[in-house]
Amino acid sequence: AVVSTQEDHRKQWYQRRVRGMVIGHSHLDGTWAQDLPAPTPAATKLPSKRVYLNTVQQLEQRVRVAESAGEEGKTWVVSLVRYLALNKDETRLRELLQRLLASSSPRVHGSDRLELVGELLKVVGASCQRVYSEFKQQLEWAANRS
């Protein structure tokens, strides 16, 4: 009697488990998204001012430390620009891009200065269109001048 009770319990558990699962291709029509919870406002919110400033300071510090490290410095600059662009900090983006364009050195962070600015503009493009347009023109002007 004990064996059949355990067996019955196992079957009931399995049936409950299978009932809650999606079997086959019933959700290939895109209805699977209806089962997902709606995003909370907190998930789409920008970071607090303090968290934002701390992150920017840490990224800027890593850029300064890695200036002579070549490819590593470039990685940190791209990370900083991506973070600034996602948070729509046009002022800091302009300062950073202007500093790179005005640099007297032809190579910055192990890359050609103008190529690096071009790569950074690709990162900026989707988030900050005004900054992208402004510096795209400056980059073209600088490239024609060289």
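## Packing of H3 against H4

Helix H3 (residues 49–65) packs with helix H4 (residues 71–86) at about 160 degrees, and their axes lie 9 Å apart. H3 is therefore roughly antiparallel to H4, a label given to angles over 145 degrees. The axes are lines fitted to C-alpha atoms over the stretch in contact, and the angles run from 0 to 180 degrees between N-to-C directions. Helices (H or I, at least four residues) and strands (E, at least two) are DSSP runs, numbered from the N terminus. H3 and H4 cross in the left-handed sense, in which the near helix is turned anticlockwise from the far one by less than a right angle.

On the H3 side, the contact (heavy atoms within 4.5 Å) involves Val-51, Tyr-52, Thr-55, Val-56, Leu-59, Glu-60, Arg-62 and Val-63; H4 contributes Trp-76, Val-77, Ser-79, Leu-80, Tyr-83 and Leu-84. By class, the residues of this contact of H3 with H4 are ten nonpolar, two polar and two charged. Here Ala, Val, Leu, Ile, Met, Phe, Trp, Tyr, Cys and Pro count as nonpolar, Asp, Glu, Lys and Arg as charged, and the others, Gly among them, as polar.

## Basis of the model

The model is predicted: local features need pLDDT of at least 70 and side-chain atom pairs count only at pLDDT 80 or more, whereas totals for chains, interfaces and linings use all residues. Residues are numbered from 1 along each chain as its sequence is written, and side-chain values use heavy atoms, with hydrogens and water left out.

## Overall architecture

The protein contains seven helices and two strands, in the order α-α-α-α-α-β-β-α-α from the N terminus. Of its 146 residues, 28% count as buried, that is, under 20% relative accessible area with a 1.4 Å probe and protein chains only.

Among contacts between residues at least 6 apart in sequence, 59% join residues at least 24 apart.

## Packing of H5 against H6

The axes of helix H5 (residues 90–102) and helix H6 (residues 113–125) come within 9 Å, crossing at roughly 160 degrees. H5 is therefore roughly antiparallel to H6, and the crossing of H5 past H6 is left-handed.

From H5, the residues Leu-93, Leu-97, Leu-100, Leu-101 and Ala-102 meet Arg-113, Leu-114, Leu-116, Val-117, Leu-120, Leu-121 and Val-124 of H6. The contact of H5 with H6 comprises eleven nonpolar residues, no polar residues and one charged residue.

## Selected buried residues

Leu-114, in helix H6, has a relative accessible area of 16% and is buried. Leu-114 and Ala-142 are 28 residues apart in sequence, with a C-alpha to C-alpha separation of 7.9 Å.

His-109 lies in the loop between strand E1 (107–108) and strand E2 (111–112), and is buried at a relative accessible area of 8%. Apart from neighbours within four places in sequence, His-109 is in contact with Val-63, Ala-66, Glu-67, Gly-70, Glu-71, Gly-73, Lys-74, Val-77 and Leu-116. Asp-89, in the loop between H4 and H5, counts as buried at 12% relative accessibility; residues up to four places away in sequence aside, Asp-89 touches Tyr-52 and Leu-84.

Key: Angles under 35 degrees count as roughly parallel, over 145 as roughly antiparallel, 65 to 115 as roughly perpendicular and the rest as oblique. Buried means under 20% relative accessible area, exposed over 50%, partly exposed in between (1.4 Å probe, protein chains only).
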